[in-house]
Amino acid sequence: MTTSIRVAAIAAATILSTLATGAAAGDTRPPTAPYIIYASGARWIPGCMPLTIGIQRATDNVTPQSSLRYEVFADGVLLGSLTDYANNSAVWGGLQFTHAGPNTVTVKAVDAAGNRSASSNADVVIAYAC
């Protein structure tokens, strides 16, 4: 019986701790805006209209940096998302543009609660068709 009381007390303390950090109470604060440090549509990368992008990590009040997701946009259209695997100095990845020519690329960080940051800096990248 003493073990049951201890387990219940530990569970209650864990729940209260989670509520105090805001994770379960509803995180409504968005992450900081990420920053594009590199973006290229180089022809030598395999595939049609490739985008290689490097993003300086955002921060959040609840979600750890390694759990943030990064939505990448070209001319306001979502190209896809990148996950931070915390194994490099920045978040790196590759996506495909939807049209050839100049594209204005921006990024938003998304935390575990679904809050989106303000847009990153914009970078104009040329997408080369096949």
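Student: What makes the pair Arg57 and Asp84 a polar contact?

Tutor: A polar contact is a pair of N or O atoms within 3.5 Å; within protein, one must be able to donate a hydrogen and the other to accept it, and residues adjacent in sequence count only if both atoms are side-chain atoms. The side chains of Arg57 and Asp84 are joined at 2.6 Å, so the pair qualifies. The Arg57 side chain also reaches the backbone oxygen of Ser89, at 3.0 Å. Do keep in mind that this is a predicted model, where local features need pLDDT of at least 70, side-chain atom pairs count only at pLDDT 80 or more, and totals for chains, interfaces and linings use all residues. Residues are numbered from 1 along each chain as its sequence is written, and side-chain values use heavy atoms, with hydrogens and water left out.

Student: Why is Arg57 called buried?

Tutor: Buried means under 20% relative accessible area, exposed over 50%, and partly exposed in between (1.4 Å probe, protein chains only). Arg57 has 17%, so it counts as buried. Arg57 lies in the loop between strand S2 (50-56) and strand S3 (69-74); strands (E, at least two residues) are DSSP runs, numbered from the N terminus.

Student: What about Trp92: why is it partly exposed?

Tutor: The value for Trp92 is 40%, again between 20% and 50%, so the label is partly exposed. Trp92 belongs to strand S5 (residues 91-96).

Student: Which residues form the nonpolar patch on the surface?

Tutor: Tyr35, Ile37, Tyr38 and Trp92 form it, with about 410 Å² of accessible area together. Strand S1 (residues 35-40) gives the largest share, three residues.

Conventions. Helix = DSSP H or I, 4+ residues; strand = E, 2+ residues; numbered from the N terminus. Patch = residues over 30% accessible without salt bridge, like charges linked within 9 Å, V, L, I, M, F, W, Y side chains within 5 Å. Areas by Shrake-Rupley, 256 points an atom, 1.4 Å probe, with all protein chains shown as cover. Salt bridge = Lys/Arg side-chain N within 4 Å of Asp/Glu carboxyl O.
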